[in-house]
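Me: Please take a close look at the charged side chains that pair with one another here, and then at the aromatic rings. I would like one connected account, with the cut-offs stated.

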Amino acid sequence: PETVDLKSISGIPGMALVDEDGKALYLWEADKNGTSTCSGACAAAWPPVTTSGAPQAGSGVDKALLGTVKRADGTEQVTYNGHPLYYYVGDTGPGTAKGQGSKDFGASWYVLSAKGVKIDND
């Protein structure tokens with residue numbers, strides 16, 4: 001199962017959600033009511049964070065805010081505070097968030113705080 005952690009990311013104030021390898025996790029403002037609407041070319045650029053079991057909460061992460069939502073392809077996507085989570089293919093490794101504030105595919109992408117809200121440093 002996927003583990004969600006809390007770490008500092010270059011250029012982001014405070015701490016942000018990452019996976020167990022330190023890769024930044026994003027929300028997409030086009031997703032509504034906890035449903036993922038990113039597929040096809042969108043999901044190629046912004047791969048969904050999927051899990052084969054209940055997602056695990058790392059240090060500083062509120063287990064009560066972790067969940068999953070079933071995607072159209074049948075995979076389980078990790079959610080936090082109701083937001084489906086994504087990676088960004090442009091991130092060069094742990095501790096980077098090159099997708100922060102991006103307007104790809106018609107809506108904004110942001111990393112999340114421990115409270116499960118976007119960190120908006122625009």
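Reply:
**The salt-bridge network**

Glu29, Lys118 and Asp120 are joined in a network of salt bridges, where a salt bridge is a side-chain nitrogen of Lys or Arg within 4 Å of a carboxyl oxygen of Asp or Glu. The model is a predicted one, in which local features need pLDDT of at least 70 and side-chain atom pairs count only at pLDDT 80 or more, while totals for chains, interfaces and linings use all residues. Residues are numbered from 1 along each chain as its sequence is written, and side-chain values use heavy atoms, with hydrogens and water left out.

Side chains of opposite charge can pair when their charged atoms come close.

With buried meaning under 20% relative accessible area, exposed over 50% and partly exposed in between (1.4 Å probe, protein chains only), lysine 118 counts as partly exposed at 33%, glutamate 29 as partly exposed at 30%, and aspartate 120 as partly exposed at 39%.

The count comes to 3 salt bridges, and one of them pairs glutamate 76 with lysine 70, whose closest N and O atoms are 3.1 Å apart. Here glutamate 76 is partly exposed at 26% relative accessibility, whereas lysine 70 is exposed at 57%.

Turning to the rings, a search of the whole structure finds 6 aromatic pairs, counted when ring centres of Phe, Tyr and Trp (its six-membered ring) lie within 6.5 Å, with planes under 30 degrees apart called stacked, over 60 edge-to-face and the rest tilted. The rings of tryptophan 46 and tryptophan 109 have their centres 3.8 Å apart and their planes at 5°, so this pair is stacked. Since tryptophan 46 lies in the loop between α1 (41–45) and β4 (50–51), and tryptophan 109 in strand β9 (residues 109–111), the pair ties together parts that are 63 residues apart in sequence.

Methods
Helix = DSSP H or I, 4+ residues; strand = E, 2+ residues; numbered from the N terminus.
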